[in-house]
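I opened my notebook to look up a few things in this model. Here is what I had on screen.

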Amino acid sequence: AADVLGFRIKVLRVLRLVRIFRPIRLLKRVRALRELYKLAMMMATVFRTLLWCFLLCFIVMTGWAMLMVEIVYPAVQDMHRTEGHFANCEQCQRATSSVMDANLLLFKTVIAGDGWGEIAVPVI
């Protein structure tokens, strides 16, 4: 009985989402609001384009993150062992240890511009 009730609630949620699209159809039919409808459709197209751009950016950054793990991580470990760099920074020591950590590091430094002085400058 609980599974049937859960299914019905999910169906009701989907139907509520479908109701959101009614005003968009209204915008298409009312002559005075056609420009607003065109604007809404252009925004949907832009969001689709942005989604593809973010996906492409993630793929490219993941490729660079794989290179960082293979090339930069041994250098960071060597710098930590021999010269004592990153002794008080746990994040700095593991930022290039895995692809996802390196991807986060790239996102923080390249996209957000955060933390250039912590890891990137000493490694360069």
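**Ground rules.** I am working with a predicted model, where local features need pLDDT of at least 70, side-chain atom pairs count only at pLDDT 80 or more, and totals for chains, interfaces and linings use all residues. Residues are numbered from 1 along each chain as its sequence is written, and side-chain values use heavy atoms, with hydrogens and water left out.

**Fold.** I looked up the secondary structure and found 6 helices and 0 strands; the pattern along the sequence reads α-α-α-α-α-α. Helices here are DSSP runs of H or I with at least four residues, strands are runs of E with at least two, and numbering starts from the N terminus.

**Surface and burial.** I noted an accessible surface of about 9900 Å², with 69% of it belonging to carbon and sulfur atoms. Areas come from the Shrake-Rupley method with a 1.4 Å probe, and for residues only the protein chains shown count as cover. Of the 124 residues, 19% are buried (buried is under 20% relative accessible area, exposed is over 50%, partly exposed is in between).

**Contacts.** Among contacts with a separation of 6 or more, 52% join residues 24 or more positions apart. A contact means heavy atoms within 4.5 Å.

**Positive patch.** Which residues gather in a patch of positive charge on the surface? I listed Lys-10, Arg-13, Arg-16, Arg-19, Arg-22, Arg-25 and Arg-29. Helix H1 (2-20) and helix H2 (22-29) are the elements that give two or more residues to this patch, and H1 gives the most, with 4. I checked Arg-16, which sits in H1: it counts as exposed because its relative accessibility is 52%. For the rule, patch residues have over 30% relative accessible area and no salt bridge, with like charges joined within 9 Å and nonpolar side chains (Val, Leu, Ile, Met, Phe, Trp, Tyr) within 5 Å. Lys and Arg count as positive, Asp and Glu as negative, while His and the chain ends are not counted. Each charge is placed at NZ of Lys, CZ of Arg, CG of Asp or CD of Glu.

**Salt bridges.** I found 2 in the structure, each requiring a side-chain nitrogen of Lys or Arg within 4 Å of a carboxyl oxygen of Asp or Glu. Lys-38 pairs with Glu-35 at 3.8 Å, N to O. Both are in helix H3 (residues 34-82), 3 residues apart, about one turn of the helix. Lys-38 is partly exposed at 45%, while Glu-35 is exposed at 58%. Asp-101 and Arg-94 meet at 3.7 Å, N to O, and Arg-94 is partly exposed at 39%.

**Thr-96.** Is Thr-96 buried or exposed? It is buried, because its relative accessibility is 1%. I placed Thr-96 in the loop between helix H4 (90-94) and helix H5 (99-111). Beyond its neighbours within four places in sequence, Thr-96 touches Met-68, Val-69, Val-72, Tyr-73, Val-76, Ala-102 and Leu-105.

Definitions and conventions: Buried < 20%, exposed > 50% of the residue type's maximum accessible area, 1.4 Å probe, protein only.
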